[in-house]
Amino acid sequence: MQFVDLYAQHRELEPALGETINRVIRDSSFIRGPEVELFEQNWAKAAQVPYCISCANGTDAIYISLRALGAGPGDEVITTSHSWISTSETITQTGARVVFADTETDSFNIDPEDVKRRITPKTKGIIAVHLYGQPANMKALSEIAKAHGLWLIEDSAQAHLARLDDCPIGTFGDVATFSFYPGKNLGAMGDAGALVTTREDIAEFAAAFARHGGKDLHVMEGICSRMDGLQAAILNLKLPHLERWTQARIARADNYDRLFTEAGLAGGEVQIPARMPGTLHVFHLYVIRVKKRNELRQYLNDSGVPTGIHYKRPLPLYPAYDYLGYTPADIPNASQAAQEILSLPLHPHLDETDQVTVVQTIAEFFKDQ
Ligand SMILES: *Cc1c(COP(=O)(O)O)cnc(C)c1O
């Protein structure tokens with residue numbers, strides 16, 4: 001059993017995948033070019049927004065968005081304590097100061113009430129993350145942003161095609177960022193990223209900034225963050241399958257829910273993922289909460305069931321943020337979650353028999369306790 005089986009996805013796309021790669025070799029359009037332009041159009045359409053600017057990876061997409069919104073020295077940007085470090089390190093890269101807010105206990109997403117408490121006269125914006133594929137509480141965050149004149153970025157690296165109140169994520173904030181890292185819900189065969197926005201000014205700035213301030217124009221100094229033609233061609237090939245793969249993830253998550261309920265574990269020893277009202281959760285990860293997490297993880301590992309922990313500590317408690325002086329008491333929900341979360345194998349090609357094995361093995365562990 002594998003935690004994520006990327007080869008199953010690629011096997012499904014043969015021989016088209018090989019033909020696509022050969023076509024890119026023949027066309028030799030390796031950086032940007034027609035495949036990249038086509039992907040930008042395709043992803044804007046899929047995300048239901050007017051503008052998509054591609055770039056080298058999901059981390060750059062956040063950095064470019066922050067620069068487009070003017071983040072810089074003297075500013076504070078509030079983000080979640082529970083995410084991959086790209087979300088916060090890009091804030092520091094602009095010269096702004098990261099301010100970490102706590103999470104909601106049920107969704108693991110940023111808690112709008114704690115965001116409110118952390119606003120100061122220096123606060124310029126908020127980065128929300130749709131963690132594990134579940135949309136953050138964008139309604140509350142948008143209201144806070146509006147009331148305080150803040151901008152809002154949606155880090156959507158784990159949430160391709162997720163929806164909230166039947167609107168696509170990425171349409172609530174000023175800009176939304178995506179990663180197409182191989183293991184993401186839509187993945188390339190290397191690094192790739194993009195931002196989407198409804199704001200023409202952000203699209204224009206981002207397009208120029210990501211490419212040295214515009215080829216031969218250099219209206220500013222920028223960075224070099226480009227999508228490969230090869231990655232774009234692979235993403236164009238995969239995109240028509242994304243809806244089906246997303247439904248397959250959701251079906252497998254529902255299946256886990258049912259198996260945990262039938263085993264009498266759901267709501268007892270195992271807290272299954274909450275579905276927040278109005279959200280379409282696209283299950284980049286299926287994350288349960290348990291006491292004795294480390295013992296359970298070891299037991300599963302010894303039984304041949306791979307698991308993950310996303311993530312092992314709240315961001316502000318890693319050494320990189322010692323200088324900010326956070327303690328677990330500042331972010332109690334995120335601190336407790338980090339002790340109890342466990343990500344189970346999940347991908348669109350996961351067999352039901354494997355899911356039965358996972359749940360049975362967890363049931364065995366708790367029976368012996
Ligand atoms: C993967 C990820 C990123 C970064 O994407 P890369 O393409 O790896 O740079 C940013 N934020 C979150 C929440 C992610 O999961």
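Analyst: Helices (H or I, at least four residues) and strands (E, at least two) are DSSP runs, numbered from the N terminus. Axes are lines fitted to C-alpha atoms, for helices over the stretch in contact, with angles from 0 to 180 degrees between N-to-C directions. This is a predicted model, in which local features need pLDDT of at least 70 and side-chain atom pairs pLDDT 80 or more, while totals for chains, interfaces and linings use all residues. Residues are numbered from 1 along each chain as its sequence is written, and side-chain values use heavy atoms, without hydrogens and water.

User: At what angle do the axes of α3 and α9 cross?

Analyst: The axes of α3 (residues 34-47) and α9 (residues 229-262) cross at roughly 30° and come within 8 Å. Angles under 35 degrees count as roughly parallel, and α3 and α9 are therefore roughly parallel to each other.

User: Which residues of α3 and α9 meet?

Analyst: Contact means heavy atoms within 4.5 Å; on the α3 side the residues include F39 and W43, and on the α9 side they include L235 and L239.

User: Which residues have the most contacts inside the largest nonpolar core?

Analyst: A nonpolar core joins buried (under 20% relative accessible area, 1.4 Å probe, protein chains only) Ala, Val, Leu, Ile, Met, Phe, Trp, Tyr and Cys residues through side-chain atoms within 4.5 Å. The largest has 47 residues, and L66, V115 and L141 have the most contacts inside it. Helix α4 gives the most to this core, with five residues. Leaving aside neighbours within four places in sequence, V115 is in contact with I78, A101, I110, I126, L141 and I144. A second, separate core of 33 residues includes Y132, Y256, I288 and L300.

Key: Parallel < 35°, antiparallel > 145°, perpendicular 65-115°, else oblique. Buried < 20%, exposed > 50% of the residue type's maximum accessible area, 1.4 Å probe, protein only.
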